[in-house]
Amino acid sequence: MRTAAHDIRYMTRALQLAARGTGRTSPNPVVGAVVVSGGRIVGEGFHRKAGDPHAEVIALQAAGPRSKGATLYVTLEPCSHRRKRTPPCVPAILSAGLRRVVVAMRDPNRLVDGEGLRQLKRGGLSVSVGCLERKSEQLNDGYLHRMRTGRPLVTLKMAMTLDGKTATAGGESQWITGPQARRHAHRLRSQVDAIMVGVNTVLADDPQLTVRLGRPMPRQPLRVIMDSRLRTPLTARVLSRRLRTGTVIATTSQCPQRRLARLRKRGISVLTLPGEQRKVSLRACLKRLAKMGINHLLIEGGSELAASALYSGVVDRLRLYIAPRLLGGTDAKGLFGGTCPSRLARTHPVTGLSIKKIGPDFMLEGLL
């Protein structure tokens with residue numbers, strides 16, 4: 001029991017370190033590592049961003065000669081392949097003189113998937129797997145979802161009044177919620193890899209789709225616009241010189257070719273994808289984004305895109321910011337567009353609901 005308690009203690013520290021990389025490492029997972037010798041931490045590290053050294057290497061370098069006979073705690077199975085920008089971690093671990101390696105969970109990436117563990121065991125190390133596995137999974141839920149399903153984890157985020165309205169009949173929506181809730185939503189933006197909106201949101205609100213938390217962000221999420229007819233104006237803020245390199249427009253082969261040529265001439269990235277009911281296929285777009293290394297996608301609206309995502313069955317999580325005010329009116333904009341299902345049996349159950357007060361507003365979260 002004493003050894004198990006120590007394992008939990010040091011793996012908890014490794015998980016805390018790993019969390020520091022949240023929102024910065026994609027397409028890689030977040031990983032933390034701790035080297036323990038004689039009952040104390042002699043080296044630690046975490047993966048800061050893709051292309052930088054991995055957590056295990058940083059921790060071992062910090063420990064130096066003290067790694068000999070020590071135990072390494074790492075939140076995800078060490079990599080053993082070379083199909084990436086950095087060297088594999090297993091050789092570094094084997095050459096450090098460690099006695100034992102404790103791994104929170106196996107990596108489902110087909111390039112790893114147990115091979116790292118097998119190489120460590122063949123190298124004579126004692127290997128334990130499963131310490132705080134569930135917490136490690138939660139920390140890398142987007143990465144694990146992409147590895148297991150071939151598409152990003154999708155969170156649908158919207159703001160509404162207490163009676164479920166997202167905008168007036170004239171389209172006014174800024175701002176339904178207060179500044180605390182909006183700041184909270186920006187923190188969510190800082191943790192995802194991409195933000196998706198429909199072209200109607202671009203036309204109505206001209207959003208920047210950036211993280212604005214009052215300080216420079218190490219990495220802004222990719223901006224994705226669903227636009228089957230390429231109606232996004234060249235004057236849109238997401239296509240400004242400052243933002244266009246991080247913006248992608250998803251369209252279909254049926255789009256106006258002159259508009260397509262004009263956008264590409266400006267250096268704007270356009271993805272031509274299969275269509276579905278005269279719109280861009282969401283599933284095809286998610287598959288392409290996964291191949292681009294997007295682990296976690298945030299869909300922000302509007303109502304038609306939200307409806308498409310819901311009815312396509314691609315929404316994994318729901319986050320609603322609810323203002324304690326009533327708008328009323330059957331002509332006000334509702335949370336979801338599209339056509340209402342004909343039967344209650346076709347509703348979409350939301351599970352694992354939780355609610356939190358943020359300033360005067362409320363945040364409701366659940367799973368679909």
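Modeller: Strand 1 and strand 2 form a hairpin with 2 residues between them, and G38 in the turn has a positive phi of about 60°. The model is predicted, so local features need pLDDT of at least 70 and side-chain atom pairs pLDDT 80 or more, while totals for chains, interfaces and linings use all residues. Residues are numbered from 1 along each chain as its sequence is written.

Biologist: What makes strand 1 and strand 2 a pair?

Modeller: Two strands pair if DSSP finds at least two bridges between them, and strand 1 (residues 32-37) and strand 2 (residues 40-46) have 6 bridges in the antiparallel sense, so they pair. G32 stands opposite F46 in strand 2. Strands here are DSSP runs of E with at least two residues, and helices are runs of H or I with at least four, numbered from the N terminus.

Biologist: How do you know in which sense strand 4 and strand 5 pair, and what is the hand of the crossover between them?

Modeller: Strand 4 and strand 5 (residues 126-129) pair in the parallel sense over 4 bridges, V102 having S128 as its bridge partner in strand 5. The chain crosses from strand 4 through helix 4 (residues 115-122) to strand 5, and this β-α-β crossover is right-handed, which means that, with the strands pointing away from the viewer, the path from the first strand over the helix to the second runs clockwise.

Biologist: Why are the residues of strand 4 called buried?

Modeller: R100 and V102 point one way from strand 4 (residues 100-103) and V101 and V103 the other way; all are called buried because each has under 20% relative accessible area (1.4 Å probe, protein chains only).

Definitions and conventions. Side-chain values use heavy atoms; hydrogens and water are left out. Buried means under 20% relative accessible area, exposed over 50%, partly exposed in between (1.4 Å probe, protein chains only).
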